[in-house]
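Student: I would like to work through the pockets and salt bridges of this protein with you, one question at a time. Could we begin once the structure is on the screen?

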Amino acid sequence: MKLGENAKRLGIFFVYDGEGIIDDYIVYLLNSLKNFMDRLIVVSNGLLTAESKGKLKKITDEILIRDNTGFDGWAYKYGIDYIGWDKIEKYDELVMFNHTIMGPVNSFEEMFQKMNGQDLDFWGITKHHKVDFDPFGGCEYGYIPEHIQSHFIAVRKDFLNSEEFKDYWNNFPEITSYKEAISKHEAIFTKKFSDMGYKWDTYVQTDDIEIMNRYPLMYMPIELV
């Protein structure tokens with residue numbers, strides 16, 4: 001489905017810092033995105049300093065503090081459970097994003113305008129290209145399929161309200177390590193739902209440099225900019 005300019009959008013932002021500090025790049029990121037959100041929730045895996053919490057309160061009143069378990073996937077699930085499916089279904093798009101990205105270099109307005117006009121069920125900013133083997137040893141496919149990177153995934157209404165999407169989060173597996181966070185969530189999310197017929201794409205197109213690098217965001221950031 002495509003989205004109009006007045007689409008109602010919900011954001012769940014995950015953050016973790018061992019010292020409970022919210023750096024200025026996070027404030028910049030959230031301030032740049034909040035105007036595109038009708039509701040923004042921050043989920044912190046761990047306590048925040050009083051100063052850091054104050055920074056966030058200038059952006060949103062909804063700040064959830066939880067134990068540092070389950071990495072980003074369980075932070076998103078925590079936010080989903082907090083909101084509830086009955087309220088989530090009222091939104092046109094859910095954006096799950098986290099502190100592992102910086103930006104924008106310019107503005108997110110062009111990105112949302114472009115992606116709003118595309119007939120998609122879910123989308124992201126960047127993708128990791130297919131790897132023919134499984135370096136993490138836990139991916140159900142036996143290899144790493146091409147996938148939207150989980151630092152930013154937007155899900156639209158039809159998919160958002162589907163039983164498949166709800167079942168995914170209602171039965172989300174235990175995540176105890178970084179490897180499991182990749183192999184049990186990030187690396188499989190895109191293929192799992194693409195195989196069900198849901199349409200996806202990314203804002204940044206990198207198929208032309210796939211032959212040079214499978215992970216362009218990490219190794220070719222200047223080229224992407």
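Student: How much space lies in the second largest pocket?

Tutor: Bear in mind that this is a predicted model. The second largest pocket is lined by 13 residues, with Glu 5, Arg 9, Phe 36, Phe 112 and Asn 116 lying nearest its centre. The space in this second largest pocket comes to about 270 Å³.

Student: Which helix gives the most to the lining of the second largest pocket?

Tutor: By class, that lining has 4 nonpolar, 5 polar and 4 charged residues. With 4 residues, the element that gives the most to the lining of the second largest pocket is α5.

Student: Which element gives the most to the lining of the largest pocket?

Tutor: The largest pocket holds about 1,300 Å³ of space, and its lining is made up of 41 residues, among which Ile 101, Thr 126, Gln 149, His 151 and Leu 217 lie nearest the centre. The elements that give two or more residues to this lining are α3 (71-83), α5 (109-116), α8 (178-194), α9 and α10 (221-224). By class, the lining has 26 nonpolar, 12 polar and 3 charged residues. The element that gives the most, with 5 residues, is α8.

Student: How many salt bridges does a search of the whole structure find?

Tutor: One of them joins the side chains of Asp 195 and Lys 191, at 3.1 Å from N to O. Salt bridges also link Arg 9, Glu 93 and Arg 156 in a network. For the whole structure, the search finds a total of 12.

Student: How many residues apart in sequence are the parts that Asp 24 and Lys 55 tie together?

Tutor: Asp 24 forms a salt bridge with Lys 55, and their closest N and O atoms are 3.2 Å apart. Asp 24 lies in helix α1 (residues 24-33) and Lys 55 in helix α2 (residues 50-57), so the parts tied together by this pair are separated in sequence by 31 residues.

Student: Is Lys 127 buried or exposed?

Tutor: Lys 127 forms a salt bridge with Asp 207, the closest N and O atoms being 2.8 Å apart. Lys 127 lies in strand β6 (residues 127-128) and Asp 207 in the loop between β9 (200-202) and α9 (216-219), so the pair ties together parts that are 80 residues apart in sequence. Asp 207 counts as partly exposed at 46% relative accessibility. Since buried means under 20% relative accessible area, Lys 127, with a relative accessibility of 8%, counts as buried.

How values were computed
Residues are numbered from 1 along each chain as its sequence is written. This is a predicted model: local features need pLDDT of at least 70, side-chain atom pairs count only at pLDDT 80 or more; totals for chains, interfaces and linings use all residues. Side-chain values use heavy atoms; hydrogens and water are left out. A salt bridge is a side-chain nitrogen of Lys or Arg within 4 Å of a carboxyl oxygen of Asp or Glu. Buried means under 20% relative accessible area, exposed over 50%, partly exposed in between (1.4 Å probe, protein chains only). On a 1 Å grid over the protein atoms alone, a cavity is a set of points where a 1.4 Å probe fits but cannot get out, and a pocket is an open set with protein on both sides within 12 Å along at least five of seven lines; lining residues have an atom within 4 Å of a point. Grid points are joined across faces, edges and corners, and a volume is the space filled by probe spheres set on the points. Ala, Val, Leu, Ile, Met, Phe, Trp, Tyr, Cys and Pro count as nonpolar, Asp, Glu, Lys and Arg as charged, and the others, Gly among them, as polar.
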